[in-house]
Amino acid sequence: MSALRWGLGAAGLGRALRSSGAPRPVAGEGFLGGFWGPRRSSSASPCEQDRRRDWGHAELLEVLEARVRQLQAESVLEVTVKRVEVARLPEAGSGDGGLPLPTQEQTAPRGRWAQKLDKEKRLMQKRKQRLEVKMQVRADKQARRLQSRALRLEPQLLSARLAQSLRAEEQGAAEGCWEERLAQLLREAPQRLGKRKKPVRKDRDLEDNVLNQQQRLLSFLECCSASGHLPLAHHVLVTHHGSARKQQLLTLPMYNAVMRGWARQGSFKELVYVFFMVKDAGLAPDLMSYAAALQCMGRLDQNTPTIKRCLEQMAEDGLRPQQLFTEAPLSKEERAMLLSAVRRADPTFSLPPPPPPPVNCSELLKEIYAEHGSASYPKLHLPLKTLQDLFQEQVLAELAPSVSVQSVEAAPALTTEVEQARKALKALQGQWEAALHQVLQETKARLAEEAYKGQPSLYPYLCLLDEHELVRILMQGLQMLPAQGESLIKLAKDLGLRVFNRHTVQQKQLTKEVQALERRYLQYLHLLASDTQVSAPCLPRQYWEALGPPEAPPRQPWPLQVLMQLGMQLAEVLVQALRMPRSPATAQGSGSLIPVLYHVYSFRSFRQIGVVKPHPDFVQLLEAAAEPTLAFETCDMPMLCPPLPWTSPHTGAFLLSPTKLMRAVEGTTQHQQLLEHHPPAKLHGALDTLTQLGNCAWRVNGRVLDLVLDIFRAKGCARLGVPPPASEAPQPSKRHLPPSSTPTRKAELREELARCLKVAREMRGLRAEALYRLSLAQHLRHRIFWLPHNMDFRGRTYPCPPHFNHLGSDLARALLEFAEGRPLGPRGLDWLKIHLVNLTGLRKRDSLQARLDFADAHMDDILDSADQPMTGRKWWMESEEPWQTLACCMEIARATRAPDPAAYVSHMPVHQDGSCNGLQHYAALGRDTLGAASVNLLPADLPQDVYSEVAAQVEVFRRQDAAKGVRVAKVLEGFITRKVVKQTVMTVVYGVTRYGGRLQIEKRLRELSHFPQEFVWEASHYLVRQVFSSLQEMFSGTRAIQHWLTESARLISHMGSAVEWVTPLGIPVIQPYHRDTKIMVKGGIQSLTCSSSRDSNQKPNTLKQKNGFPPNFIHSLDSSHMMLTALHCYRRGLTFVSVHDCFWTHAADIPVMNQVCREQFIRLHSQPILQDLSNFLVQRFCGRSPQFKNDNLKLLHTLKSVPETGDFDLEQVQRSTYFFS
């Protein structure tokens, strides 16, 4: 019998016989804690003792088998013993009693040990079969008990009078009594309903714990409604309401969630039950409460007086019927039922007219949103029919569970070993899927039991998707697990997010949102298609909004605790269910099974974390099988059609997959709340920029891709950024140390081993990243695709697909080019040549004309690189950005060989990069003439290099100190170069401290082979002081602004608030730096203590708030400049994308983009940015109470003490050639 079949049977028996001990408590503080495995207990039930005894017999049986094999080697007798296959526990309702028992064959005379073994096997097999039947009977009884257990629907009210009133209604059998009861409840509402007082909790940890419980309970109730378990939600709500202690956790949204569920089903009696509980809890109905009651009455043939009374009570509570249709987040079908009820009471009622579209009134954006003005918005180069077909492909891709992509890894020869490995892996995967199904069923049964006891368990979350879908997610998670393992906290988060995303897509499919989206999107394509016209040019967001209001309310994400707990549960299912034989790729394997995954603890920095690692045998099997495909989630792939335009914080980017407008760590809610409460019109600039960036169509540079694939499959090249496989990692010494080795020598070998293991891990990670990128590029090489964008909390934009985009390395950028080309025109070829020289990094201090002359002088090298990249002179390999240089060489070669270079259609993106852009913004803010000259804000014949200037200034200080006899100044003679100080100068503007700057300089000094290493520490201390002094002298205005921002943030955070501001384009910003709050997520294999430090209900982290404010504020300014440039380029018909402060467009359009870039920088800094910031901070943090000024005069004084500015004339930027170049 094959070892694979034994694996399946034994895995099932192992689960059946495994003891179910309680998990151990958390080990200690840290990110993660806990212990692996169930607790051993000395006190067990007789049934449990029988199970352990049987399992002990099974272990003894394996020992006997091993003894027989030993005797076979020593005895003249040859005995062949065949393994006994253990039948799996059949699934409920399958009717399969198990697998047939194998027959035993004897190929030689039997010995005494073999006869005894046969007898033990027969006895053990009978016991196992009896145990399986017993276990199945118990499982059936548990299922019947759950089905027969009555869920509580009638509430247990704490008010005796209300309880008596409810019992009276129960005794009345008439249908109309429930309508009468609801009307009476509504009439009594003004006198008897009131806001329940919140209990005063002074302990912040206790408050956080209560808030987490409330979020989890609300999410559970909503999930029950979504998964078809509304009676269970009602049961849990009744259970909590009946307990005076637990009732304190209940909030009105929880009651509303259950009422809304009953309203969807038209269950009026149960809805009135919930109204009784609302009144009993002392809560007043809100808009959603009335919406649920009216919706339910709209579905039924209810009496009009009841509806009228409900509407009258709404009016008395200050609510208008129109608000039901403008403020309540209801679906289209719910609104229809609501309208039916309202019109039954008031036939003349009409829906409120849609509000006029909000208008952005920003001074910076008035040209963009001007009603009258010339605009030539670009269209895509594709016709309508092609775009419609691409939309259908994207919809099918997002509805599919995952996308399969052919791996570009070198395919091994199809040897017998590879075929056997693939066959074994396929057989194991089939067994694992069956095992996962069984464990999921057992898990759901256990969690259902908890929910029936009134505990909000994970049961409804596991019911959102069918088991086949959950098994697919788990198998994909297994496939994506790296060989070195993954931290349990990351694995849990990934699994939880996959379930949420898949559920969201399926819900959209069930509620017919997909069909509504299709109708709307096909109309939207008329704006973008090359062969259609619209009545008036407008932005994509404006056109989309004109097609009608959104038909579905936004879906709220699950709380972090729920997400992590669900992911933990699924990770435990993976670890628990998957087993494999020790030799799966051979015909005969060992009878013992090993876990495919195992859980260990590892130290990261000073923290102990749990890691889930694959067994080395499983890793070897995967490597031997060399599976030719990779699986990706749809949201990790570029889109095959233009993204949805961003219209709100909830809607945009992918068609069906949920995407955040502002990316943040899971569980963070402060950014989303800030966006939702912000006036929608003020977000238009950001929304339209993200839409415009996402509408840029891309294609793969096939010639570059072919070269990269050849190198990748030939063991890579680290110098060119193509990671080699882990097999090329340095190997530790294999020779054994003699016993007489010194402790020092042993320590050196241990360090060498650790270093080799670290390098191997890093190489595996880099190789996997390159494999994903290159596989996606090969998958899309003949396609046109799009990269939807979102932004971070500062407004900086990023592509959503993580593996293949233009924000990556030199290699990633070289693989991409614009799908739509533009003729080079009269100057386009010159800009291509200048771009090429910029990429090489060889002429940074030269003028543009000198760079152009350099390119012409090296035309032979350029053409040789294009024609013979791997066999010629390889000039391109000496570049700072070799792959982009090669791609540009190829483009120049094609253009120069074209009959008319000016007519050549180029797809190459050409870059214009800011010159130390952070310092440019500081110099403009402070109107600092000296600083402006250093960063190319002033016109000049040659580009200024601030790094070289700082190095020169430091050299002046060094000579002065050397003349005074300072030893370290003498040692540093000849070693102060641009490279030594560049990183520190670059990062000072982004808040680097002297400590961080010293470490940067120390690293650069250690790279100098001739520098005396014994002086590194002293020299780095000396240099960081001189660098900061030089910057203080060169950028005095910059340092003053930095100090003001830092001190303001320090005082604000001491007040207990996080620093907030609004960017010049209207994006609200809040810094996500708070003190850690521990969130306990209990699990079987380990309990996680998640450390959350990113939400506004926590105390701010003063150090991070003050250090983060200056760089984050500057980042919000450079994002504002980029957005302004993007919108104005789009208005002029240009293709535009960016990598933060590096702007891309076609070569022919560089002059227009340069003009727009400079104009918008001047317009941005012509605003009183620092004064506006001061006014906002004073209003936000100093206007809370009358006595504030007496208590916090220092904060008020600091916020109003805006640094003085110089006399630099911003208009000179317009004439600066090297501002962006």
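## Burial and Thr-1038

A residue is called buried here when its relative accessible area is under 20%, exposed when that area is over 50%, and partly exposed in between. Thr-1038, at 3% relative accessibility, therefore counts as buried. The structure is a predicted model, and every value below is computed from it.

Thr-1038 sits in helix H40, which covers residues 1036–1054. Leaving out residues up to four places away in sequence, Thr-1038 touches Leu-919, Tyr-922, Ala-923 and Asp-928.

## The chain as a whole

The chain has 1221 residues, and 54% of them are buried. It contains 45 helices and 22 strands. Of the contacts between residues at least 6 apart in sequence, 76% join residues at least 24 apart.

The accessible surface of the chain is about 54800 Å². Carbon and sulfur atoms account for 52% of that surface.

## Helix H35 and its surroundings

Helix H35 runs over residues 946–963 and has 18 residues. From first C-alpha to last it reaches 26 Å, close to the 26 Å expected at 1.5 Å a residue. Its buried residues include Val-946, Tyr-947, Val-950, Ala-951, Val-954 and Phe-957. An α-helix has 3.6 residues a turn, so residues three or four places apart point the same way.

Which helices do the buried residues of H35 pack against? They pack against H33 (917–926), H34 (929–934), H36 (967–971), H37 (978–988) and H39 (1016–1034). After H35 comes Gly-965, which has a positive phi near 90°.

Most residues other than glycine have a negative phi. Asn-936 has a positive phi near 70° and is not a glycine. This residue lies in the loop between H34 and H35. With a relative accessible area of 3%, Asn-936 is buried.

Lys-715 is another non-glycine residue with a positive phi, of about 75°. Its place is in the loop between helix H26 (702–713) and helix H27 (743–779).

## Salt bridges

The structure holds 44 salt bridges. One of them joins the side chains of Arg-822 and Asp-1149, with an N to O distance of 2.7 Å. Arg-822 is in strand S14 (residues 822–823), while Asp-1149 is in the loop between strand S22 (1142–1145) and helix H42 (1150–1165), so the pair ties together parts that are 327 residues apart in sequence. Both Arg-822 and Asp-1149 are buried.

The side chains of Arg-299 and Glu-333 also meet in a salt bridge, at 2.6 Å from N to O. This pair links distant parts of the chain, 34 residues apart: Arg-299 belongs to helix H11 (residues 287–299) and Glu-333 to helix H14 (residues 332–345). Arg-299 is partly exposed at 23% relative accessibility. Glu-333 is also partly exposed, with a relative accessible area of 42%.

Glu-1002 and Arg-1006 form a salt bridge whose closest N and O atoms are 3.2 Å apart. The two residues are 4 apart in helix H38 (residues 994–1006), so about one helical turn separates them. Glu-1002 is buried at 15% relative accessibility, whereas Arg-1006 is partly exposed, with a relative accessible area of 47%.

## Cavities

How many cavities of 30 Å³ or more does a search of the whole structure find? The search finds 7. The largest cavity holds about 200 Å³ of space. It is lined by 17 residues, of which Pro-378, Leu-380, Asn-695, Cys-696 and Thr-1135 are the closest to its centre.

## Pro-658

Pro-658 is in the loop between strand S8 (629–632) and helix H24 (670–676). Its relative accessible area is 32%, so Pro-658 counts as partly exposed.

The C-alpha atom of Pro-658 is 8.5 Å from that of Cys-635, a residue 23 places away along the chain. Apart from neighbours within four places in sequence, Pro-658 is in contact with Phe-500, Asn-501 and Thr-504.

Key:
Residues numbered from 1 in each chain as written. Predicted model: local features only at pLDDT ≥ 70, side-chain atom pairs only at ≥ 80, totals over all residues. Heavy atoms only, no water. Expected span 1.5 Å × (residues − 1). Buried < 20%, exposed > 50% of the residue type's maximum accessible area, 1.4 Å probe, protein only. Contact = heavy atoms within 4.5 Å. Salt bridge = Lys/Arg side-chain N within 4 Å of Asp/Glu carboxyl O. Areas by Shrake-Rupley, 256 points an atom, 1.4 Å probe, with all protein chains shown as cover. 1 Å grid on protein atoms, 1.4 Å probe; cavity = no way out; pocket = protein on both sides within 12 Å on 5 of 7 lines; lining within 4 Å. Points joined across faces, edges and corners; volume = space filled by probe spheres on them.
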